[in-house]
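Thanks for coming; I will keep this short. Please bring the sequence and the model up on your screens, and we will go through them together.

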There are 2 protein chains.
Amino acid sequence: MTAGDNVAAVPGPSLDAFNASVRLRLDIAYDGTEFAGWAVQPGQRTVQGVLQSALAAVLRLDAVALTVAGRTDAGVHATGQVAHCDVPADHWSEVADSILRRLAGVLPADVRVRSARVTSTDFDARFAARWRRYEYRISDASTGVDPLRRAFVLDYRRALDVTAMNDAAAQLVGLNDFVAFCKRREEASTIRQVQVFEVVRQDTEIVVRIQADAFCHSMVRSLVGALIAVGEGRRPVDWPGTLLNATERANDVMVAAPHGLTLVEVDYPPDEELTARTAQTRARR
Amino acid sequence: MTAGDNVAAVPGPSLDAFNASVRLRLDIAYDGTEFAGWAVQPGQRTVQGVLQSALAAVLRLDAVALTVAGRTDAGVHATGQVAHCDVPADHWSEVADSILRRLAGVLPADVRVRSARVTSTDFDARFAARWRRYEYRISDASTGVDPLRRAFVLDYRRALDVTAMNDAAAQLVGLNDFVAFCKRREEASTIRQVQVFEVVRQDTEIVVRIQADAFCHSMVRSLVGALIAVGEGRRPVDWPGTLLNATERANDVMVAAPHGLTLVEVDYPPDEELTARTAQTRARR
């Protein structure tokens, strides 16, 4: 077909094929240090902005719009971020075999697309997710954090009681209202299902692992701030749990610095359950 | 004693005690990215320069002179660097219990002293070392290196045959003249005892491990450059081994970029063997 053809004369199926779009699932990793977070903001260097520009260039499109599983804040990292976008099928097929190499060539070194593949149109990176898992890393060595890890680990320098932190975390597992730990942005629910919340010492680092159906804004970093207060002995082990009874944000919870936080995994149901999962999530939030 | 006292009148033992020095062993880690290498150079930010200033400040001395196990190049990292220095015993005793915390307070975040302790005056960080171990890390993923690891891993992007690289490395183990892989700086020997030289794939990274009694300048990075040529199929497996017959530096050996290289460990004999080891090393080099 050339530009001069009468498009209206093309039979239905061909026109459909020409206009058809495919949904792509992207698995993404980034060092958040030099990004103003995931979400596009005017005049700021954001992960979404950098990725959308690279995808548009590689797919020869004017623009690409990404929907993401976890809108990470400025300075937060990701090894297992997931996003989706819809692109014209013919543009995709031209680069399907080489897209990762092409993206590696145009993306800056602090963000990588680890995989890009066509997925079900029922797949929604945000609403179909069953759970997100984050890790927050802390060094409590009085000598300071390992210099090769300092971009990804909080340098705390005061001894922390990991057992007390882990006991406090255990009291927050379950379906609870985390309003005390959330920066409210809208009339959204702050009720979340925390499935895993544990603290372990791993070599020279303390690792806080948390998995939930979803997180409200600043929730992980506020929870970590509360655990640090327990670990240092400034607050009793029961204190973070008592905050589940709060009806507004707790002003005495420190929000831990962003660079210790990494989004490590997002989980989705099998394809046949995607539609049901998306509908269920949209209804709740 | 005040400035006005007649020092000559102080009895011998007290004067000795006043002047006595202790030898300190320091275990050091650094991210080499923003350093112009270990060795002090005028107008450059070097690990030695930064550490000597910090030690002088903490020990209240005009200057401290460090002797190091491995003079790493610009951009090379260390997790297991070792150095020694001699300092007045009374200055040491004042800060002995708090020196790591104090150093952590004055050092920049890209260099840390992991331990500092009094050692035998027979200990020599350079000449008493039995062996040094380095690791060189390479990513051959076509999608590019993990963004959270990019400061410490070479981003190669072309598939490398790790088995071929490991077979080539095995041919270089032993007491050999590594002149083909050395930048000669003086009339020094280029004969070295390579004890371990192996290549393994570890998750998404290729790790080259090499251990030798010592290394001449640029030796590890030249050896890695030769292995990469083998891994990519540009050179046969036997090629690096044949270079052991060379009598001068091989111009066709690429020197791999510094940021993939880390000094991970230096080994010393037990105290009672230190003097013999130092004498032996000095005689040979």
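Of the 285 residues of chain A, 40% count as buried. Buried here is a count: 20 or more other C-beta atoms within 10 Å of the residue's own, with exposed at 12 or fewer, partly exposed in between, and the C-beta atoms placed from the backbone. This is a predicted model, in which local features need pLDDT of at least 70 and side-chain atom pairs count only at pLDDT 80 or more, while totals for chains, interfaces and linings use all residues. Residues are numbered from 1 along each chain as its sequence is written, and chains are lettered from A and ligands numbered from 1 in the order in which they are written.

Now the overall layout. Chain A has eight helices and ten strands; these are DSSP runs, H or I of at least four residues for helices and E of at least two for strands, numbered from the N terminus. Along the principal axes, the C-alpha atoms of chain A fill a box of roughly 75 × 40 × 35 Å. I call two residues in contact if their C-beta atoms, placed from the backbone, lie within 7 Å. Among contacts in chain A between residues at least 6 apart in sequence, 72% join residues at least 24 apart.

Next, the domains. Chain A is assigned domain 1 (20-119) and domain 2 (131-268), with bounds that come from an automatic or database domain assignment. Their centres, taken over C-alpha atoms, are separated by 28 Å. The contact takes 16 residues from domain 1 of chain A and eleven residues from domain 2 of chain A. On the domain 1 side, that is five nonpolar, nine polar and two charged residues. For these classes, Ala, Val, Leu, Ile, Met, Phe, Trp, Tyr, Cys and Pro are nonpolar, Asp, Glu, Lys and Arg are charged, and the others, Gly among them, are polar.

Which residues touch the most other members of the largest nonpolar core? They are A:I28, A:A83, A:V220, A:L223 and A:L227, in a core of 77 residues. A nonpolar core is a set of buried Ala, Val, Leu, Ile, Met, Phe, Trp, Tyr and Cys residues joined through C-beta atoms within 7 Å. Helix α6 (residues 219-231) of chain A gives the most to this core, nine residues. Domain 1 (20-119) and domain 2 (131-268) of chain A both contribute, so the core lies between them. Taking A:L223 and ignoring its neighbours within four places in sequence, the contacts are A:L172, A:F181 and A:I210. Apart from this core lies another, of 76 residues, including B:V113, B:A128, B:M165 and B:F181.

In helix α4 (residues 99-106) of chain A, the buried residues are A:I99, A:L100 and A:L103. Seen down the axis of α4(A), they fall within an arc of 95 degrees, so they line one face of the helix. The arc is that of the directions from the helix axis to the C-beta atoms. Their cover includes α2 (47-59), α3 (89-95) and β4 (111-119) of chain A. In chain B, helix α5 (residues 162-170) has B:M165, B:N166, B:A168 and B:A169 buried. These cover an arc of only 160 degrees, which puts them on the same side of α5(B).

On to the pair of chains. 23 residues of chain B are in contact with 23 residues of chain A. β4(B) supplies the largest share of the chain B side, four residues. That side divides into ten nonpolar, five polar and eight charged residues.

Last, some backbone angles. Most residues other than glycine have a negative phi. A:R60, in the loop between α2 and β2 (67-68) of chain A, has phi near 50 degrees. A:S218, in the loop between β9 (205-212) and α6 of chain A, has a positive phi of about 70 degrees. Buried or exposed? A:R60 counts as exposed, with 10 C-beta neighbours inside 10 Å, whereas A:S218 is buried, with 20 other C-beta atoms within 10 Å.
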